[in-house]
Amino acid sequence: MDEQTAAAKKTILRTIPYGLYVLGVNNGDEDSAACINWVTQTSFDPPLVVMGVKKDSGAYALLKQGGKFALSFLESGQKDLAFAFFKPTTVEGNTINGAEFERGAHSNAPVISATPAFVEGTYVGEVDMGDHSCVVGQVTNAVLKRDYSILTLKECGVNYGG
């Protein structure tokens, strides 16, 4: 790829809008949570979502083992909360990476208490290519605590892609 084409690719791919979410997973007595920025609904019946999950992350390993997840939706203004989950997971009492959490009723996975909404689901498959896997999950539960606007990478001043 020549230099001009590479620059155009980078610019174009960075215009794709990305929301921010915290993927929580549990397997037995182990929890993990990671901020992810690529989620889309891919089916209405059954309700399926696809999530881009970094394959070398603890969340990916636990998701593959336990098969269930909770996806906390971050709202505009929760940049600090998002950044707390760009690092490895630490659990202390009822906090994960310093944020209070509760357990999803269907998944037993960590749900970030301060977020406005979350869904829970089960792992049903994936497309394993590149450094992230496209994980497909069937939504089994949804909780809306309040109306919100999703936190985006653009709001955080961060770029992804290119």
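Which element gives the most to the lining of the largest pocket? Strand E2 does, with 5 residues. The model is predicted; local features need pLDDT of at least 70, side-chain atom pairs count only at pLDDT 80 or more, and totals for chains, interfaces and linings use all residues. Residues are numbered from 1 along each chain as its sequence is written, and side-chain values use heavy atoms, with hydrogens and water left out.

The chain holds 4 helices and 11 strands. Helices (H or I, at least four residues) and strands (E, at least two) are DSSP runs, numbered from the N terminus. The C-alpha trace spans about 50 × 30 × 30 Å along its principal axes. Of the 162 residues, 43% are buried. Buried means under 20% relative accessible area, exposed over 50%, and partly exposed in between (1.4 Å probe, protein chains only). A contact requires heavy atoms within 4.5 Å. Among contacts with a separation of 6 or more, 64% join residues 24 or more positions apart.

The largest pocket has a volume of about 600 Å³. On a 1 Å grid over the protein atoms alone, a pocket is an open set of points where a 1.4 Å probe fits, with protein on both sides within 12 Å along at least five of seven lines. Grid points are joined across faces, edges and corners, and the volume is the space filled by probe spheres set on the points. Lining residues have an atom within 4 Å of a point. The largest pocket has 28 of them, and Cys 35, Ile 36, Val 53, Lys 54 and His 132 lie nearest its centre. Two or more lining residues come from each of strand E2 (30-36), strand E4 (48-54), helix H2 (58-66) and strand E11 (132-144). The lining comprises 15 nonpolar, 9 polar and 4 charged residues. Here Ala, Val, Leu, Ile, Met, Phe, Trp, Tyr, Cys and Pro count as nonpolar, Asp, Glu, Lys and Arg as charged, and the others, Gly among them, as polar.

The largest nonpolar core contains 20 residues. Such a core is a set of buried Ala, Val, Leu, Ile, Met, Phe, Trp, Tyr and Cys residues joined through side-chain atoms within 4.5 Å. Leu 23, Val 25, Ile 36, Met 51, Phe 69 and Leu 71 touch the most other members. Strand E1 (21-27), E2, E4, H2, strand E5 (68-73), strand E10 (117-129) and E11 each supply at least two residues of this core. H2 provides the largest share, 4 residues. Beyond four places in sequence, Leu 71 is in contact with Tyr 21, Val 22, Leu 23, Ile 36, Val 39, Met 51, Ala 117, Phe 118 and Val 119. Phe 69 lies in strand E5. Its relative accessible area is 0%, so Phe 69 is buried. The C-alpha atoms of Phe 69 and Val 143 are 14 Å apart, at a sequence distance of 74 residues.

A second, separate core has 17 residues, including Cys 35, Ala 84, Ile 96 and Leu 151. Leu 151 sits in the loop between E11 and helix H4 (153-156). It is buried, with a relative accessible area of 0%. Leu 151 and Ser 76 are 75 residues apart in sequence, yet 4.0 Å apart in space, C-alpha to C-alpha. Residues up to four places away aside, the contacts of Leu 151 include Tyr 18, Leu 20, Leu 74, Ser 76, Ala 82 and Cys 156.

The peptide bond from Asp 45 to Pro 46 is cis, with omega near 0°. Pro 46 falls in the loop between strand E3 (39-43) and E4. Two residues other than glycine have positive phi: Asn 97, near 50°, and Asn 108, near 65°. Asn 97 lies in the loop between strand E7 (95-96) and strand E8 (99-103). Its relative accessible area is 8%, so Asn 97 is buried. Asn 108 lies in the loop between E8 and strand E9 (110-112). At 35% relative accessibility, Asn 108 is partly exposed. Pro 88 belongs to the loop between helix H3 (79-84) and strand E6 (91-92). Pro 88 counts as exposed because its relative accessibility is 68%.
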